[in-house]
Amino acid sequence: MKELFIGEVIKRKRKELGLTQEELCEGICEPSTISRIESGKQVPAKNKLDALLQRLDLPGDRYYALLSRNELEISNLQSQVISSNVSNNNRDGLQYLEKLEGIVSEDDYLIRQFILRSKVALGYLDGEDIRSYTFDEKEKMLFEALYLTVPKFDIEEIDKNYYTVEEIKIINQIALNYSDAGENKKAIDVYNQLLKYIEKHLMNLKEANGLVILISYNCSRSLYLEKRYEESIAAANLGLEVSIEERCTSCLGGLLSVLGHAFYAEGRLEESKKYFYQSFYIYSVLHDDINIELGKKNLKEFFNIDIL
């Protein structure tokens with residue numbers, strides 16, 4: 001595929017959305033760079049191309065950019081950080097993050113954004129111990145990360161901007177931080193705004209369904225904690241439906257558990273029991289020992305059922 005075609009696609013979609021070059025590239029690259037990309041005079045770096053295409057609601061897997069040795073190293077380190085976070089191996093994740101910080105340039109806002117978001121998730125070393133940041137520290141870091149690429153971001157009016165997948169993940173983290181601090185109403189508002197944004201802008205991206213699953217799960221938990229049980233069930237069912245369609249297990253056990261709790265609170269005991277069982281079996285298949293024990297505890301506590 002010719003680089004010129006990439007530029008033509010970007011230019012055509014940008015104009016279709018009514019965006020100026022400055023609005024599209026804010027926080028990603030200079031307007032002069034986007035001008036050269038659109039005219040076919042420059043090949044964009046992979047991370048910048050991915051970000052530009054995501055803001056334009058275009059599927060990045062149809063296009064390409066050449067990877068330099070440095071870009072390849074950065075990409076590998078990012079993958080290792082993400083893998084460490086998923087496996088709760090925070091110590092290794094922080095080591096990879098330190099290496100990443102050592103090679104990223106000061107003006108690479110996209111990678112710096114990733115680093116800040118990852119620090120919030122992984123925590124920090126305090127001697128030999130790993131500590132979590134406080135609510136205020138997390139909030140400051142997450143907003144700082146967003147402002148790198150979306151300087152005009154407003155948590156009350158999320159739909160006023162166009163976002164990359166990474167930016168949406170950061171906004172989700174902000175909501176999750178609210179929820180962890182007991183500010184569930186604020187969290188729910190953010191989750192609902194995000195789900196509306198994804199439905200409107202990103203549903204042709206392959207990453208969109210994964211975002212819907214994650215945000216639906218987080219939203220359903222916050223709604224349950226606010227005792228808004230019917231809404232919690234609706235949000236969890238949305239995530240469950242997409243999980244089944246995508247054959248995605250990332251939040252499946254959690255969604256089923258939320259449904260078990262919400263149906264129990266509604267007095268719909270048979271449905272509650274069904275979902276608690278399904279959640280337990282999903283975690284059993286995934287060998288998730290912590291949640292297996294939690295599933296046993298739920299069945300014992302709510303239905304006096306012992307599972308050996």
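The model is a prediction, for which local features require pLDDT of at least 70 and side-chain atom pairs count only at pLDDT 80 or more, whereas totals for chains, interfaces and linings use all residues. Residues are numbered from 1 along each chain as its sequence is written, and side-chain values rest on heavy atoms, with hydrogens and water left out.

The protein chain contains 15 helices and two strands, these elements being DSSP runs numbered from the N terminus (H or I over at least four residues for helices, E over at least two for strands). With a radius of gyration of 21 Å, close to the 19 Å that the globule rule gives for 308 residues, the chain is as compact as a globular protein of that length; the radius is taken over C-alpha atoms, and the rule is 2.2 Å times the number of residues to the power 0.38. Taken along the principal axes, the box filled by the C-alpha atoms is roughly 70 × 50 × 35 Å. Of the 308 residues, 46% are buried, where buried denotes under 20% relative accessible area, exposed over 50%, and partly exposed the range in between (1.4 Å probe, protein chains only). Among contacts (heavy atoms within 4.5 Å) with a separation of 6 or more, 60% join residues 24 or more positions apart.

Helix 4, which spans residues 46-55, holds the buried residues L49, A51, L52, L53, Q54 and R55, and just after this helix D57 adopts a positive phi of about 60°. R55 is also one of the residues touched by E167, which is located in helix 9 (residues 165-180). At 0% relative accessibility, E167 counts as buried, and the residues that it touches, apart from those up to four places away in sequence, are R55, Q113, L146, T149, V150 and Y162.

N88, with phi near 60°, belongs to the loop between helix 5 (69-86) and helix 6 (90-103), and is exposed, with a relative accessible area of 64%. H287, with phi of about 55°, is placed in the loop between helix 14 and helix 15 and is likewise exposed, its relative accessible area being 64%.

N218, in helix 11, is buried at a relative accessible area of 4% and touches N172, L176 and Y191, residues up to four places away in sequence not being counted. V242 of helix 12 is buried at 8% relative accessibility; under the same exclusion of residues up to four places away, V242 touches N209, V212 and I213, and its C-alpha atom is separated by 8.3 Å from that of G210, 32 residues apart along the chain. C251, in the loop between helix 12 (229-246) and helix 13, is buried with a relative accessible area of 11%. Beyond residues up to four places away, C251 touches I213, L214 and Y217, while the C-alpha atoms of C251 and G239, 12 residues apart along the chain, are separated by 8.2 Å.

The second largest pocket holds about 290 Å³ of space. Of its 15 lining residues, Y217, S257, V258, H261 and L294 are the closest to its centre. A pocket is here an open set of points, on a 1 Å grid over the protein atoms alone, where a 1.4 Å probe fits, with protein on both sides within 12 Å along at least five of seven lines, and lining residues have an atom within 4 Å of a point; grid points are joined across faces, edges and corners, and the volume is the space filled by probe spheres set on them. Helix 11 (208-225), helix 13 (252-265), helix 14 (269-285) and helix 15 (289-303) each contribute at least two residues to the lining. In composition, the lining comprises seven nonpolar, seven polar and one charged residue, with Ala, Val, Leu, Ile, Met, Phe, Trp, Tyr, Cys and Pro taken as nonpolar, Asp, Glu, Lys and Arg as charged, and the others, Gly among them, as polar.
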